[in-house]
Amino acid sequence: MDRDGVATQVIFRTDLPDLDGRSRPALGLLPRLQRLLLDFCKAAPDRLIGLADASETPEAAVAELERVIAKGGVRQVNLMIANVNPKLDDPVWEPLWQILEQSSVILSWHITVFVGKPGDRAVGKAASVFENTKFFLANFLEPFVDLFAWGILERHPGLRIVMAEAGTGWLPWLVQELDYRHWRLWEAKEFWADKGGAALVTKPSDLFKRQIYATFQDDHVAMSLIPFFGEGHLLWASDYPHPDSVWPHSRAAIERQMRHLSPEMRRKLTRDNAAALYGLEDRDLPPA
């Protein structure tokens with residue numbers, strides 16, 4: 001971290017399936033893995049922010065979140081959103097939203113790694129590299145729309161969500177389209193009043209700017225979208241230790257994409273926005 005000029009690292013626990021397709025948490029190791037990570041981060045709590053993991057079913061997610069909150073020191077919990085069951089519109093998720101909002105624990109979504117199955121048309125071909133782009137977007141699209149369509153953000157204004165490794169370029173068009181659909185809903189509000197439409201009062205773009213945080217790594221498109229995201233909800237990350245991380249060349253990556261920005265804006269994207277989100281504004285962190 002010092003070599004790369006990074007003051008604080010948000011650490012996601014890796015969860016790849018075993019060769020037989022079973023995930024390690026399904027084998028009962030989730031509490032132990034989380035305890036190891038959180039204990040590790042106690043050595044430098046302002047520099048190492050370890051994420052607890054929410055199970056992919058609501059009852060288990062609530063139980064695990066209550067357990068880690070009781071232990072203390074948890075700022076964020078991560079959900080592998082592509083695997084959740086049932087979908088987010090199900091009322092059984094409501095207790096999770098309530099606990100997150102009441103505790104001020106941040107919720108993050110992270111991609112799930114999909115490995116091609118034998119017989120898939122792209123297996124063993126160069127096309128498989130590009131297939132990952134499709135899977136990448138598929139992780140987030142449906143649950144993201146559900147946040148607005150089913151009133152989750154509307155009902156829980158204190159719920160904060162970080163979209164980790166989600167990219168940025170697709171979000172403005174989608175939020176713009178959701179705003180248009182919202183306008184159409186209210187254009188015919190008498191028709192939708194008894195079908196749940198009356199509960200969807202706030203424009204999706206306003207909900208997005210209030211509660212959603214987007215992250216980027218080496219993303220020139222993101223730099224042109226700052227007016228859409230606003231100055232406080234866009235966060236740079238190095239993605240260490242993934243093979244496609246910019247570590248240990250983060251300073252060069254930042255310079256490549258932010259050279260045209262003011263020093264104040266660069267500081268917001270690389271330091272101040274994250275410090276405010278994680279409650280580190282008053283800590284003695286190295287300058288950006």
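This report describes a helix contact and the aromatic rings of a predicted model.

## Basis

Residues are numbered from 1 along each chain as its sequence is written, and side-chain values use heavy atoms, without hydrogens and water. Because the model is predicted, local features need pLDDT of at least 70 and side-chain atom pairs count only at pLDDT 80 or more, whereas totals for chains, interfaces and linings use all residues.

## Helices H6 and H8

The axes of helix H6 (residues 170-187) and helix H8 (residues 204-211) come within 8 Å and cross at roughly 135°.

On the H6 side, Leu171, Val175, Leu178, Asp179 and His182 meet Pro204, Ser205 and Phe208 of H8 (contact means heavy atoms within 4.5 Å). The residues of this contact comprise five nonpolar, two polar and one charged.

## Aromatic rings

The structure holds 10 aromatic pairs (ring centres within 6.5 Å; planes under 30 degrees apart are stacked, over 60 edge-to-face, the rest tilted). Phe191 and Trp192 form an edge-to-face pair, 4.9 Å centre to centre with 85° between the planes. Phe191 is partly exposed at 48% relative accessible area, and Trp192 is partly exposed at 35% (buried is under 20%, exposed over 50%, partly exposed in between, with a 1.4 Å probe and protein chains only).

Tyr240 and Trp247 form a tilted pair, 5.3 Å centre to centre with 50° between the planes. One aromatic cluster is formed by Phe144, Phe148, Trp170, Phe208, Phe228 and Phe229.

Note on methods: Axes are lines fitted to C-alpha atoms, for helices over the stretch in contact, and angles run from 0 to 180 degrees between N-to-C directions. Helices (H or I, at least four residues) and strands (E, at least two) are DSSP runs, numbered from the N terminus. Ala, Val, Leu, Ile, Met, Phe, Trp, Tyr, Cys and Pro count as nonpolar, Asp, Glu, Lys and Arg as charged, and the others, Gly among them, as polar. Rings of Phe, Tyr and Trp (its six-membered ring) pair if their centres lie within 6.5 Å; planes under 30 degrees apart count as stacked, over 60 as edge-to-face and the rest as tilted.
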